[in-house]
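Dear colleague,

Please find below the structure that I am handing over to you. My notes on what was found in it follow directly after.

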Amino acid sequence: MITHIDHLVLTVADIESSVRFYRRVLFMEELTFGNGRKAVTFGNQKINFQLLGQEPRNKARVGSGDLCLVTDRTLNDVISHLAREKVEIVEGPVQKSGAVGDIESIYFLDPDENLIELCVYK
């Protein structure tokens, strides 16, 4: 029935700040779509950004997101990059379980305190 995730939506306090963070820290591409909305893309997926109350049917709060993203870099390379970008790692590297096997992960927060997990499969 379900084949993959198409997109996720994060509720943020400042869309432009979020776009800059995801472009700078995670090398995602900026996308503008339908009526000037903003997103970032990576591969065949995207993360849409919305302001609190922008989508009445969504009861999400700013900073309530928790994402796990797979990287093609080594965690040591990612840790070095995050240090250069002055992004604090809040946990890791730690061993976890991913969707298709064992992973090693690090965690950090975006500008709205959404929890971002970057992982590599073993």
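Beyond its neighbours within four places in sequence, K38 is in contact with I15, E16, V19, E30, L31, T32, F33, N48 and F49. Please note that this is a predicted model. K38 lies in strand β3, which covers residues 37-42. With a relative accessible area of 15%, K38 falls under the 20% cut-off and is therefore buried. Its side chain and that of E30 are joined by a polar contact of 2.6 Å.

The nonpolar core

The largest nonpolar core comprises 23 residues, and those with the most contacts inside it are Y22, L26, I47, F49, F108, I116 and L118. Two or more residues each are contributed by β1 (7-12), α1 (15-26), β4 (45-51), β5 (66-70), α2 (75-84), β7 (101-109) and β8 (115-121). The largest share, six residues, comes from α1. As for Y22, leaving out residues up to four places away in sequence, Y22 touches L10, F27, M28, V40, I47, F49, L67, D110 and I116.

The sheet and the helices on it

Four strands form an open sheet in the order β5-β8-β7-β6, and their pairing is mixed. β5 and β6 are the edge strands, each pairing on one side only. From one strand to the next, the twist averages 25 degrees. β6 and β7 run antiparallel and are joined by seven bridges; Q95 has E104 in β7 as its bridge partner. Helix α1 packs on the sheet, where α1 touches β5, β7 and β8, and the direction of α1 makes about 130 degrees with that of β7. Helix α2 also packs on the sheet, touching β6, β7 and β8, and the direction of α2 makes about 5 degrees with that of β7.

Helix α2 in detail

The buried residues of α2 are L75, V78, H81 and L82. Seen down the axis of α2, these residues fall within an arc of 120 degrees, so they line one face of the helix. They pack against α1, β6 (89-98), β7 and β8. On the face turned away from this buried side, α2 carries the exposed residues N76, A83 and R84. Just after α2, K86 takes a positive phi of about 60 degrees.

With kind regards

Conventions: Residues are numbered from 1 along each chain as its sequence is written. This is a predicted model: local features need pLDDT of at least 70, side-chain atom pairs count only at pLDDT 80 or more; totals for chains, interfaces and linings use all residues. Side-chain values use heavy atoms; hydrogens and water are left out. A nonpolar core is a set of buried Ala, Val, Leu, Ile, Met, Phe, Trp, Tyr and Cys residues joined through side-chain atoms within 4.5 Å. Buried means under 20% relative accessible area, exposed over 50%, partly exposed in between (1.4 Å probe, protein chains only). Contact means heavy atoms within 4.5 Å. The arc is that of the directions from the helix axis to the C-beta atoms. A polar contact is a pair of N or O atoms within 3.5 Å; within protein, one must be able to donate a hydrogen and the other to accept it, and residues adjacent in sequence count only if both atoms are side-chain atoms. Two strands pair if DSSP finds at least two bridges between them. Axes are lines fitted to C-alpha atoms, for helices over the stretch in contact, and angles run from 0 to 180 degrees between N-to-C directions.
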